[in-house]
Structures are given as C-alpha cells and as structure tokens.
Amino acid sequence: MTQYMISVGHDTAEAPTMQTMDPAVIQPILDAVDAFNDKLRAEGSWVFAGGLHPIQTATTVDNTGDTPVVTDGPYAQSKEYLGGFWVIEANDLDAALAWAKDASRACAARVEVRAFQDAPA
C-alpha cells in the first residue's frame, strides 16, 4: 500500500481559527473528525494525524549558509497555510481520494492529497 498525506488547508481571509470559533460551531466538526479517524483505524488505513497550532506560532530555521538563521514566523508569507493533516495508507490514488472526500466533509475544509515518494532503491 502507498502512504498519502491528506493536508487540511486554511485561508486566513476565509475562516476563523479554532481558537476564535464559537464552541457550538467547532464541536460538531471535532466530533466528525473523531468519527472519521475511528473509521480510518477500523479500515486499517490510519497511520498518523495531527492538527497544527496557528501559523503565527511558526519558527523558520535556515542552516544552509555559514551560520544558522532562526526567524520567528512562517517560511512563506501567504494567506493560506497548513492547519493539519492525516497520513493514511491506501491501495491507490482513487482510494486515497475517497478518504479525502470524507476528510474534507469531516473537517469542513478543503484538503489536498499527495503520495509519499518511494524510498530510493
């Protein structure tokens, strides 16, 4: 089976963060994500998942020069950011896309699906 990442995108212009959402609005989403996670586990497709703190908490590290540079803030300045993700196992892209449709519905957000690269031979 191939591993895929289903990433949850957010747009700062479109949606409030979990920290600013009304608990009455966020709770049904959290419940749906929990149910989706349970289904992934039951089907044997679960590998790992996680939500990320807001983009403002990011720190960028660049150690490609003579000395490391550590900068508060995200790597890229963008209104779109990664809010969380699932790593799943699926037989093929079509199966991963089926999971992604359920993931998008559960988390009430757009998701992106990408396969992990195979290890070099």
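Start with helix H2 and what sits around it: its buried residues pack against strand S1 (2-11), helix H1 (23-43), strand S5 (80-90) and strand S6 (111-115). Keep in mind that this is a predicted model.

Now look at the helix itself. H2 covers residues 93-107, 15 residues in total, and runs 20 Å from its first C-alpha to its last, close to the 21 Å expected at 1.5 Å a residue. Its buried residues are Ala96, Trp99, Ala100, Ala103, Ala106 and Cys107. Looking down the axis of H2, you'll find these buried residues within an arc of 120 degrees, so they line one face of the helix.

Just past the helix, Ala108 adopts a positive phi of about 60 degrees.

Next, step back to the interior. In soluble globular proteins, nonpolar side chains tend to be buried together. Here the largest nonpolar core has 18 residues, and Ile6, Phe36, Trp86 and Ile88 have the most contacts inside it. S1, H1, S5 and H2 each give two or more residues to this core, with the largest share, 6 residues, coming from H2.

To see how things meet up, pick Ile88. Setting aside neighbours within four places in sequence, Ile88 touches Ala96 and Trp99, among other contacts that include Ile6, Leu40 and Val47. Ala96 and Trp99 are both among the buried residues of H2, which brings us back to the helix where we began.

Terms used
Residues numbered from 1 in each chain as written. Predicted model: local features only at pLDDT ≥ 70, side-chain atom pairs only at ≥ 80, totals over all residues. Heavy atoms only, no water. Helix = DSSP H or I, 4+ residues; strand = E, 2+ residues; numbered from the N terminus. Expected span 1.5 Å × (residues − 1). Buried < 20%, exposed > 50% of the residue type's maximum accessible area, 1.4 Å probe, protein only. Arc of directions from axis to C-beta. Contact = heavy atoms within 4.5 Å. Core = buried A, V, L, I, M, F, W, Y, C linked by side-chain atoms within 4.5 Å.
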